[in-house]
Amino acid sequence: MAEGSTTTATVTSSPGGSSRSGARRRPALSPSRASDFKQCPLLYRFRAVDRLPEVATKAQVRGTLVHSVLERLFALPQGQRAPERAKEMLEPTWRELLAECPEWMELFESGDGDAEAAMRDWLGGAAKLVDGYFGLEDPDRLEPEACELHVETELDSGVLLRGYIDRLDVAPTGEIRVVDYKTGAAPRQIGEAKAMFQMKFYAVVLWRLRGVVPRQLKLMYLSDKQALAYTPDEAELVRFERTLEAIWQAILRAGKTGDFRPNPGKLCGWCSHQAVCPSFGGTPPEYPGWPEPDPGEESLLDRAD
Ligand code: SF4
């Protein structure tokens, strides 16, 4: 899209969801946590308030790896962003992620077989996702403004919105494209509404930060090599802003009382917390009260969907 310099923000968050800066920050709404609350208020509570640990899946970790490699790919000069170069980056990037999160190696050690062989097989799956990316676009023809861009803005109502955008392309005309890579194993039709919610969230943030409604919101499904592009309009973003404010107010109301209700549905199959969910015969831990610090932070794995 645009000519110009590329900025990349190094991913520094811990996978468990603690603050990337380590500093206490004002509570904010992130797209992942807003989606959680919409899907199931109790899931929001477990993740944002109780901060119950969740075991990463191989698919999530692979998504994190592929996102990291694509970020590094765009740090290379144009002309060097070839599929083989990207795939060569998989293993060293994985070793760096493992150094940060050594527990991820356990994902390959649970079976009877050879963990190293299982990991190699899994890396092969990551290489297929990289190929899927190259099947959708040629990165040598692009010069993004930023990758892994941290964005944060405060709405007039005082609601703070915060998140990380996979990639931002800005044309010489000033037109903005928001790009999100989807690497997950969940069926696309299940994740699509959630993905579009996330993209509209970023569209609102960018519109408020830059005064420009993004021209395109682009979802790239790397496993099935399909892209979905959407053009929002200002009236839609105004309505969506009201939706985000309503979600935040509902979160704050529930946060005061601890009344986060379960909302069972087909996505329960992907929930790590069935054992403490009343809808599955479990009992939630005692409500710990509204969290400090920030319940709006996103984890590395949040973006690996
Ligand atoms: S199992 Fe389902 S209902 Fe229970 S917390 Fe998870 S998503 Fe909500």
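A: Just after helix H2, arginine 51 takes a positive phi of about 55°; helices here are DSSP runs of H or I with at least four residues, strands are E runs of at least two, and both are numbered from the N terminus. Please keep in mind that this is a predicted model, where local features need pLDDT of at least 70, side-chain atom pairs count only at pLDDT 80 or more, and totals for chains, interfaces and linings use all residues. Residues are numbered from 1 along each chain as its sequence is written.

Arginine 51 is in the loop between H2 and H3.

Helix H2 itself, residues 41–49, is mostly covered, with eight of its nine residues buried. Those eight are Leu42, Leu43, Tyr44, Arg45, Phe46, Arg47, Ala48 and Val49. Their cover includes helix H1 (31–39) and helix H8 (234–257), where contact means C-beta atoms, placed from the backbone, within 7 Å.

H8 deserves a look of its own. Its 24 residues should span 34 Å at 1.5 Å a residue, and the 35 Å between its end C-alpha atoms agrees with that; the expected span is 1.5 Å times one less than the number of residues. Glu241, Leu244, Trp248, Ile251 and Gly255 are buried in H8. As background, residues three or four places apart point the same way because an α-helix has 3.6 residues a turn. Just after H8 comes glycine 258, with a positive phi of about 85°.

Leucine 73 is buried because it has 22 C-beta neighbours inside 10 Å. Beyond four places in sequence, leucine 73 is in contact with Arg81, Ala86 and Pro139. Proline 83 is 10 residues from leucine 73 in sequence, and their C-alpha atoms are 9.4 Å apart.

Positive phi values turn up elsewhere too. Glutamate 148 has one of about 50° although it is not a glycine. Glutamate 148 is found in strand E2, residues 146–154, and is buried, with 21 other C-beta atoms within 10 Å. Lysine 225 takes a positive phi near 50° in the hairpin of E5 and E6, with four residues between the strands.

Stepping back, the chain has eight helices and six strands, and 36% of its 305 residues count as buried. The predictor's confidence in each residue, pLDDT, runs from 0 to 100. It averages 87 over the chain, and 84% of the residues score at least 70. Over residues 1–22, however, pLDDT stays under 50. Where pLDDT is low, the predicted coordinates should not be read in detail.

How values were computed
Buried ≥ 20, exposed ≤ 12 C-beta atoms within 10 Å, placed from the backbone. Contact = placed C-beta atoms within 7 Å. Pairing = 2+ DSSP bridges.
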